[in-house]
Structures are given as structure tokens and as C-alpha cells.
Amino acid sequence: MASEEASLRALESLMTEFFHDCTTNERKREIEELLNNFAQQIGAWRFCLYFLSSTRNDYVMMYSLTVFENLINKMWLGVPSQDKMEIRSCLPKLLLAHHKTLPYFIRNKLCKVIVDIGRQDWPMFYHDFFTNILQLIQSPVTTPLGLIMLKTTSEELACPREDLSVARKEELRKLLLDQVQTVLGLLTGILETVWDKHSVTAATPPPSPTSGESGDLLSNLLQSPSSAKLLNQPIPILDAESEYICSLALECLAHLFSWIPLSASITPSLLTTIFHFARFGCDIRARKMASVNGSSQNCVLGQERGRLGVLAMSCINELMSKNCVPMEFEEYLLRMFQQTFYLLQKITKDNNAHTVKSRLEELDESYIEKFTDFLRLFVSVHLRRIESYSQFPVVEFLTLLFKYTFHQPTHEGYFSCLDIWTLFLDYLTSKIKSRLGDKEAVLNRYEDALVLLLTEVLNRIQFRYNQAQLEELDDETLDDDQQTEWQRYLRQSLEVVAKVMELLPTHAFSTLFPVLQDNLEVYLGLQQFIVTSGSGHRLNITAENDCRRLHCSLRDLSSLLQAVGRLAEYFIGDVFASRFSDALTVVERLVKVTLYGSQIKLYNIETAVPSVLKPDLIDVHAQALAALQAYSHWLAQYCSEAHRQSTQQFVTLISTTMDAVTPLISTKVQDKLLLSACHLLVSLATTVRPVFLVSIPAVQKVFNRITDASAQRLVNKAQVLVCRALSNILLLPWPNLPENEQQWPVRSINHASLISALSRDYRNLKPNAVGPQRKMPLDNTKVIIHQTLSVLEDIVENISGESTKSRQICYQSLQESVQVSLALFPAFIHQSDVTDEMLSFFLTLFRGLRVQMGVPFTEQIIQTFLNMFTREQLAESILHEGSTGCRVVEKFLKILQVVVQEPGQAFKPFLPSIIALCMEQVYPIIAEAFGQSFLQPDIHLFKQNLFYLETLNTKQKLYHKKIFRTTMLFQFVNVLLQVLVHKSHDLLQEEIGIAIYNMASVDFDGFFVAFLPEFLTSCDGVDANQKNVLGRNFKMDRVRRERAQAKGRASVGSQAWHLFSEEGGGRLPPCVVCTP
């Protein structure tokens, strides 16, 4: 006893010292080593049992329980039976004796340790494990403790960790399933008893704000008036102990429901009881009483009552999440839905005391989240099976969901509700597509609800109706999806609008277009307020209130333009003719708006609030262009119709659009507006492709501006887009015209002129541009290369999937620039940034135009690359130039891959030299890079590259390849052995050992006969005798035997590590990867 007492005092002292602020890390490591050594001693658990019963030091108790946990989970098989019996007996007694005085985290840890024993021994050696838990639950004094044990058992046994065999997992689950009916009965009894004990038993409840809520809607939702009356009873006031017991019982149910199947064990009585407790979450009166009474205890009580509602909803959602529902359980589900929608009506009911929004604001945020989860599960999983029940009124449910959605107190809550509506609309769309004969009946049933939804969603994105909420949205910070909170809000709202449009196109258009028109009138009316000032034009709207109203109107117009653009897809295809009039109206308005903005240059106008109104004006103009671009497929279909009918209306639309776009192709225009104009131009050239486009004067202006050497170049992205558009105008075949009417000769000449102008400065570069005799600074040369190749590469990439004639013309125009690129390539081989761009260009050429390039020129290119990428150059790129150098080699290899994969015999002569390059130069250098990474201290890089190496071996038998086996194998083994011995990456000890074994097993004879003696000879700090001992102990039969026993563990590596540690004191020289 004296020894135990002394050990306890010493341990308390050590733990106090360990957690003291002044204790150094070195001293903490020493204490940690002492504690670990103690825990490994046989019989240490006896001391820990004494410590647990004799100390009040939390650190000591937690340490002692950790010793038990380690013993049970890692060493239990080796513990004598008598000791196991003693532990199984003592720990529950300890828990029973002290559970009321132990800190909750110590108590929970002790419960977990006892459950761990049950996980190992129940029922064979610990037959009363579960019986004891049931007895604890049934005794009023120990009910909370029993419930904690039950929840821990469900967590640890029903969903065990991976350290149990599959058979044992299945056995535990079966054992628990046998107990489910008993357990659910006990939990039902506990909850019912508490409820009944505290319920108001008077026949007539006192009047209250919530009494008398069972109206017609409620009668529809519930099967009988008695059910409504039952759920309308006042919610009882629970004492603290009862609330605690109920919260534990509901936590148990939530976890049990997460894994038990739906069955008759889940009785109607249990479900009704859970719903009783779900009402706690929407009991505003109790929360108000708690806050009015003022004391902190009452406030905590109100929070606990709300928590019971959250826990009850968690139970309901666990049941709701199960998609596989037995036939006999469907009636239960219907009852669950009815009871939950009673709660939904309760929390969305308007009365004199509360608006719906204020009611939701007063509820616990977690409860609202759980309720929203329920609604999402209902719509996504169960609506299809419940909708057919005549007792369940889906339209009335949508009415409640509508109120719930549009009175959400938070943006996140609103987003979540929009997701539910999206799920519902997807369900409706799918249902209609599968039952086209019933389409009208289905739509008529839901039409009013959908129109109401559309109207309200549109209102919610407009400042005119929702300014306070919209101004709260962040429009600057990007989330993980690279969108702001405002952009996310708008995108989700427009998705709902689009889905309603798909179902009710006429209604949606007639709802949206008048709203758009109203805001357009404001925008188009701004011209009358423009006055001329000394520095240009100014918008003569200066009153603060007028500026604010204009700001809101412009923001709304921007959103509505995006909405109109989002609906473009619903005017094309089979419905083109039937919806032509509506689409034409939209497109004409968009063309008018874009032309108006370009002509009076609203984007450059002075305003009274430039930081607000100018961005608004720019955004409206940009969104109008983007919306018009969205209708490019409609314009393409109209183009086909116009070709057959020769309509002047289409020509006017396209010409006017170009009049709106051309003034914006300028360096004086803001990037946002410039890029919108460029994208629209690309769509007109690529998607619409009208025959007359090139002859429009506005398009000719763009050609002249881009080919004018004296004109200032656009920002690179815009320049690339405009050049793509101009190239496509000349290269892409015109739709609905035969080959002999495509005017290829003229278009070919014009395209050659275009490319010649675009590449003028580039073609004038000479191979000495990088040398000391260069005529312009190197940086200027690099800019020319970058600007030209980015344009040419984009042109090739966008033509690669087109007709043979288009690709022929494209290559003819590019031929001189390609030859210049090949001539320049050797001069820039040491400039990895330039080499990267050139190889990117060549890779695009090989992918899109290799047939047009022909075999002789392809051979010249490949031979140039093979000559330039010497072993030294490859090593420089891979080992010394970082990510850019690696990209260079990667693109070079991709070019070779394209050549090798080309069908037919044309490129087969290149195969031997390509294979030789890869085998003799590329692969050894890559292996060397791998080897060098194993010398770095970065353990994450080490682990990643070791994984890649092993994966290559698993999939491609890398270690067995001749080049690896003969030149690299034992160098890798050498490096990895040294890492093991030096203990620099001990966390990866097992992975390293497995890799060593996999490498050595390729040639065990060579490993033992040649490598090992040489390795030992090179070891400094180990004398000859120790080397002989190491060599004798490292036997092949022992390695193979251990390998067989280990079933995948690292026998060679572990042998090396242990033998060197024991015999050589772990002293080995630093290692170096030799270059083969």
C-alpha cells in the first residue's frame, strides 16, 4: 500500500509538472517517456486501479484510463484470464461508486473503457455486459449512467473501428439487433413516463397564443381531430433532472436509428412520443417565460427545452434518411409526415402576437436547421411515395413550405430552402417526362404554387422589394467556388426561376418580362439627364435619394438581365417556332439596350457617386451583352430559318449587334465590359456564323483595328478572344451552304493576311535574339513571343475539331510562324518559361494539325526536339528549374505520345528513337529526382513520392523493368535503408520497410550476395566484428519466413532497422544517390 501511495504521489507530481506552463519541451519528453515505460510494465493496471479510486487529480485519472484503454485494445489477448476477470469486475464497481462525483469527461472515458471490454469479450467471457446496462437504465438512481453506457455501446459496437475482424463486427451487430426491441421499449417508457408525469391533466387547457390552431389545413394533415387535439396540448414544464434524462434518451435513439433497420420495433407509441418532444423546439412561450423571469437558471432552462426539440428532430431525420422503406412501415412514415407538418404549420402560423419571421427568429437556430433537413429529406427521398396518398395534401404542404422559405431569418436558411424547391422542381420535371399523358393534369395541380414561387423569388432578388436583406450580402469575398455571397444568392435564385420556366414557359415569361421592361425604361430614360460638362459628359442626377433609387434600379436590371439570359435555352430546339415571338421580343430589347449603352457611352460618364453608379452602369452594359450572348444558339437557329426565308429582320439584328459591340473593342473601355463584348463577338462568329458577317462595316472596323500595327494592343485575354473570332469568321464553314458556295479561296487569302499581320513582329525575330548580339532587350523579345503564341495557339485549338478544309487553310496561314518557332526553339532551350510556351504551341499543333503538317516537317520537328533534349538538358529542367522545367518535359513527352499514338504507318519510323530517349535519358533522370526527394527532410514529400513509386510498381511492375533493375534498384534500397537506420522518417517506418522488401524481392540473390556485403563494407562507425554479425544474422530464409508471417509487413526493412540499431548503434554514413 505504501508503494502504491508513493507511486500515486509521484505520478501526481509528474502530471502537474508536465502541464505546468514553465515546463520545457525537453522535460515534457522525458516525463512522457517515463509514463510510457510505466504503462508497458506488466501489472501496471493494478496501480492504475488504485490511482482511479484514490485520487482526485483529473490528469492522473485520465492517464490511468488511457493505460486501461491501451491494455484492452492492444494487449488484451495476452492478459491472463484471472486478470481479465478482475478488471471486468473492478471497473464497473468503480464507475457505480463514483459516477456522481467524477468529472463528466472522466466518467465518459471510464464508460468507454468498460464498453471496450464488452467489444472484446461479450457475450462469451462477459455475459452480463449488456444485462448490466439494462439494469442501470431501469433503476431510477442510475438511469442517466445507463443511458450514457447504452449510447457508448451503440457507438462502439454497432459501428466499430477497423481493428475488429469482419466476423466479429457481424457478430456484435447481430447481438445488438437482438436487444433492439427491449432497448426501444425501455427508452419509450422513460420518455412517456417523464411526459405523463409533467403534463397538464386538465380537460380544458388554458387559453394561449397557440391554442385553437387546428384549422382546416391541420385537419387535412392529421388523420383525425383527436390527433390534432393531442398535439395541441400544452407542453409540460420539466425539471432539470427530467430534461437531462430525456436528452440522454433522445441521443440514444438518434444513434440507434442511424443503424437499425426500419421495423415494427419502432412503434407508433415511440414515434408519437418523439414528436411530443419535437414540439419543445417550437415552444416560444417557454423561451419567453425563461427570459422574462430573468434569472440565468431560467435562461439555461429555456435553452435546454429547445435542445430537446433539436434532439427529437435528429431522431426523426435519422429515420427519414432511410431510402429503403418496408411496405409495413409506410403507414408509420405517413404518420410521421403528418405530425411533422403539424409542427411546420405551428411555426409558420401568423397571428396577432407574432409574424412568421419573428417566430422563426425566436426559435433555436439548430432547431430550424434540423427542420430544414427534415423537409429536404422528405422532398428528396419520400415525396414520390407519399404524394399518391389521398390523406396527404401536397399542395397544402407546398403552401407551408412557401411560408417557411420566405420567412427564413438567415441567408443560409433561405439558401437551404431554395435547394428544397430545386429538388421539388426536379422531381416534378422528371415525373412529367415519365408521364407525358398526364402532363396537363400535373401542371394544373401545381400551377398556382409555381407561379407564386416564381414571383416571390424574383421579388427577393430585387432591391425594389428586398433592399435591406440584399445589402447585407457580401459581394467582395470569394468562397471555395470562387463566387461571392451575392453571386451565390443570385445563382441559386435564378436556377429556381429557370426550372419553373421549363415547366411553365408562358407563365414564367409573362411574369419576368414586364418586370424587366419596367427597369429598362429607367435605364433607357437616363439619356435625358446627360449634360455636357468641361471634361466630358455628366449624368445630372445628384440628389442623394435619387442616386440611391437609381442604384437600386440598376442593380435590379443587372439581375433581371441575368435571369433573362438564364432562360435562353427554353426558346430553342423543338419549341423554337412556338416561342419565337417571345424570344424575338427579348433579343430585340437586348440589342437595343446594348446599342444604347455603346452609343451614349454610359460606361465613361461622370456621376454624382462615381464609386457606386459608374460600376452599376458598367455592370448593366456587361450583363446586357452577356444575356445577348446566351441567345446565340437561338440566333443560330434563326439564322437557319432566315437562310431559307431570306429575312431582313435577322440581318438587321446581327448588324445592329455588331454596331453595339465594335465601339467596345478598345483599350479605353473597362476590362469587364471589353471582355463581355469580346465573348459576344466570339459567339456570333463561332455559333451563329452568318454568311454576311464579314461584310458588315462594323466587323471590318474590328479587322482593321486588330491588324493595325500602330494600334495599341488590347489586354491579352481580350486580344486572344477577338483574334479567335476574326479567325473563325474566315475559317468556319457557313451553315446550310454547299461546299462550292463557301468561297474558300477568298477566305483563305484573307486568313493568311490576318495571321501575317498578327505574327508580324514574331516572324521578324532571329535565333540570335537571345544572344549577346541581340538588337532588343530579352524581356521585350519574350513579350512578343508570349503575345503571339498565345493568339496562334488559341486559333489552332479552336479549329482542331473542324472540317479538313478549315484546318488546311489554318495551317497554310500558320506555316511560316511554325517554321520560325522551330528555328527559335534551340536559342531559347535554357529559358524554361519561353520553352514552355513554345512546346505548348507545338503540342496544340500536333493535336490539331499534325496531318496538315505532313510527315517530313513533323520528322524535322521531332528530330530538333530529340537533339535539344539531351540528358543534361532534361536533368536541368527536371532537377533544377522547378515546376516550369517539369512542365516543359511533360509537354515534350505529350508531343511524343501524340506521335506514337497516331494510327497508320506514317509516324512509325520515329518510334525507336523516342523509346531510346525515354528509356536511356528521361526515365533515369525522373528516378534520380525521386531519389533526391528521399534525401529531403520534408516527410510529406517523402511519403507522396514513395507512394507514387510503389503505385508504379503495382500497376506497371516498375522494379522488374530491366533498366530499373540494373541501374537504379539497389541505389533506392540503399537510400531507404539509410533513412530507416537514421530514424529520420520514423512515422513512415512500415511503408519504407515494405518498399525495401518489394525492391529486394525482385533479386534476393543479388541483394544478399552483392548488395548487402557492399553496403556493410561502406558503413563507417561499425567495426569488422559487428559487420560480420550483421551479415550472419541477415539470412534469406529468415526474411522469407518473416515475410510469410507478416502478410505484407516490412520484414527486410524491419530486420535492417533492428539489426543496425542493436549491433551498430545506428551509426551509418550519410547516403548519396549515384547517377547511373
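I take two strands to pair if DSSP finds at least two bridges between them. Helices (H or I, at least four residues) and strands (E, at least two) are DSSP runs, which I number from the N terminus.

**Setting up**

I am working on a predicted model, in which local features need pLDDT of at least 70, side-chain atom pairs count only at pLDDT 80 or more, and totals for chains, interfaces and linings use all residues. I number residues from 1 along each chain as its sequence is written, and my side-chain values use heavy atoms, with hydrogens and water left out.

**The strands**

I looked up the secondary structure and found 49 helices and 2 strands in the protein chain. I then turned to strand S1 (residues 530-533) and strand S2 (residues 536-539), which pair in the antiparallel sense over 4 bridges. I noted that S1 and S2 form a hairpin, with 2 residues between them. Within the pairing, I found Thr-532 opposite His-537 in S2.

**The whole chain**

I classed residues by relative accessible area: buried is under 20%, exposed is over 50%, and partly exposed is in between (1.4 Å probe, protein chains only). Of the 1076 residues in the protein chain, I have 52% as buried. For areas I used the Shrake-Rupley method with a 1.4 Å probe; for residues, only the protein chains shown count as cover. The protein chain exposes about 49,200 Å², and carbon and sulfur atoms supply 52% of that area.

I counted a contact where heavy atoms lie within 4.5 Å. Among contacts between residues at least 6 apart in sequence, 75% join residues at least 24 apart.

I checked the peptide bond from Trp-122 to Pro-123 and found it cis, with omega near 5 degrees. Pro-123 sits in the loop between helix H6 (104-121) and helix H7 (129-138).

Asn-736 has a positive phi of about 65 degrees although it is not a glycine. I placed Asn-736 in the loop between helix H32 (716-731) and helix H33 (744-758). Its relative accessible area is 41%, so I call Asn-736 partly exposed. Gln-743, also not a glycine, has a positive phi of about 55 degrees. I found Gln-743 in the loop between H32 and H33. Gln-743 counts as partly exposed because its relative accessibility is 46%.

**Cysteines**

I searched for disulfides, meaning pairs of cysteine sulfur atoms within 2.5 Å, and the structure holds 0. Cys-417 counts as buried, at 0% relative accessibility. Cys-547 counts as buried too, at 5%.

**Ile-461**

I located Ile-461 in the loop between helix H21 (439-460) and helix H22 (463-472). Its relative accessible area is 0%, so I have Ile-461 as buried. Not counting residues up to four places away in sequence, I found that Ile-461 touches Leu-470, Trp-486, Tyr-489, Leu-490, Ser-493, Leu-494, Asp-556 and Ser-559.

**Asn-974**

My last entry is on Asn-974, which lies in helix H44 (residues 969-982). Asn-974 counts as buried because its relative accessibility is 18%. Leaving aside neighbours within four places in sequence, I found Asn-974 in contact with Phe-1011 and Phe-1015.
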